[in-house]
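Hello,

Here is the structure I promised to pass on to you. Please have a look at it first, and then read my notes below.

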Amino acid sequence: MGLFLTYSLICSVILILMWCVYKSTLSRLTCFRFNRVALICGYVISFVAPVILLHLNDRSSETNATVSMLFETVGCEDPGHLIMFETPQASMTDYLAVGYMIGCICMTTYLLCAICRILLLICKGKKQEIGEHNVIIHDTKNVAPFSFGEYIVLSDSDFKRNAEMIMLHEAAHIDGRHWIDLVFAQFALIVSWYNPVSWMLLGELHALHEYEADHHVLKSGINRMDYQMFLIREGAGSRFDTISDSINNGSLKERINMMFTRHKTGNKRLYSLVFIPMMCGVVYGINSPSISSFLRNFEEIEPSLVFNSADSERKA
């Protein structure tokens, strides 16, 4: 458990640095797909880099432990003396580990409940195949149209009124494989639920998905004013923010402003290369003696001590 908490801390540090670099360099670009790829690469780095760093840290720790053991063995004058061990007590870090574990369980439960609600809506709905997409038409009120995996889900009233716009919008989500981005974002939320940046990254991905889908709809020939009025009407329905893209995700004001923005990128995409020195700084910092010893304290956490001490207090 301590090792997983250490992994989470390193992952959170990388996500925070990635967010700072992204907001200061790429967030103003209108190249939505490139921004998505940049965020996904940041997610991958934040998930993989801690594993490599912890492995390197473990190897150096084993070497130091072996050397110190040799010195202790040579300097031992009475190897036969008895050593009295005290019963270990739970520390504050042990309680933090238990709180972190509870948070991970709650986030996983919340995600599974949301997925079950979506699957229940899909099972109850009427299935149709329109073009190359699977469409689920349900009779539940006040649920905004959304896409989930390979399914487009919308109510019967929305299908009768705005089928063309909804199909174009949600098809853009499916064709763009936006659900893959949300899988990365949800894993980051479970691992580092305490990190505000994890939640902001999910919102940023939802916004990028909507910008890309809106651009696809307008590019297909739909009148911009009609589409904007349609988005205003659809903004009141409830949505699933976990693993699906609803049509009313993101800030409506920002989405409308983005429709008037010219899509220029130029050489500004080269700003993403700032990620390289950032990762070098993370590797150097985590391998420093002070940070390594701090993380090693978390690796030695024993959450079971919290429950053992609670049992002891009840028996007393």
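Let me start at a turn. Strands S3 and S4 form a hairpin with two residues between them, and Gly-149 in that turn has a positive phi of about 65°. The two strands pair in the antiparallel sense over three bridges; for example, Ser-147 has Ile-152 in S4 as its bridge partner. Please keep in mind that this is a predicted model.

Strand S2 (residues 133–138) and strand S4 (residues 151–155) run in the parallel sense and share five bridges.

S4 is mostly covered, as four of its five residues are buried.

Next, a pair of helices. How do H7 and H8 run relative to each other? The axes of helix H7 (residues 224–234) and H8 come within 11 Å and cross at roughly 170°. Angles over 145 degrees count as roughly antiparallel, so H7 and H8 are roughly antiparallel to each other. In H7, the residues that meet H8 are Arg-224, Tyr-227, Gln-228, Leu-231 and Ile-232; in H8, they are Leu-252, Arg-255, Ile-256 and Met-259.

One residue in a loop is also worth a look. Asn-249 sits between strand S5 (245–246) and helix H8 (252–259). Is Asn-249 buried or exposed? Its relative accessible area is 2%, and buried means under 20%, so Asn-249 is buried. The side chain of Asn-249 also makes a polar contact of 3.3 Å with the side chain of His-206.

Finally, the chain as a whole. It has eleven helices and five strands, and of its 316 residues, 43% count as buried. Among contacts between residues at least 6 apart in sequence, 77% join residues at least 24 apart. The accessible surface comes to about 17900 Å², with 63% of it belonging to carbon and sulfur atoms.

Technical notes: Residues numbered from 1 in each chain as written. Predicted model: local features only at pLDDT ≥ 70, side-chain atom pairs only at ≥ 80, totals over all residues. Heavy atoms only, no water. Buried < 20%, exposed > 50% of the residue type's maximum accessible area, 1.4 Å probe, protein only. Contact = heavy atoms within 4.5 Å. Areas by Shrake-Rupley, 256 points an atom, 1.4 Å probe, with all protein chains shown as cover. Polar contact = N/O pair within 3.5 Å; in protein donor to acceptor, adjacent residues only side chain to side chain. Pairing = 2+ DSSP bridges. Axes fitted to C-alpha atoms, helices over the stretch in contact; angles between N-to-C directions. Parallel < 35°, antiparallel > 145°, perpendicular 65-115°, else oblique.
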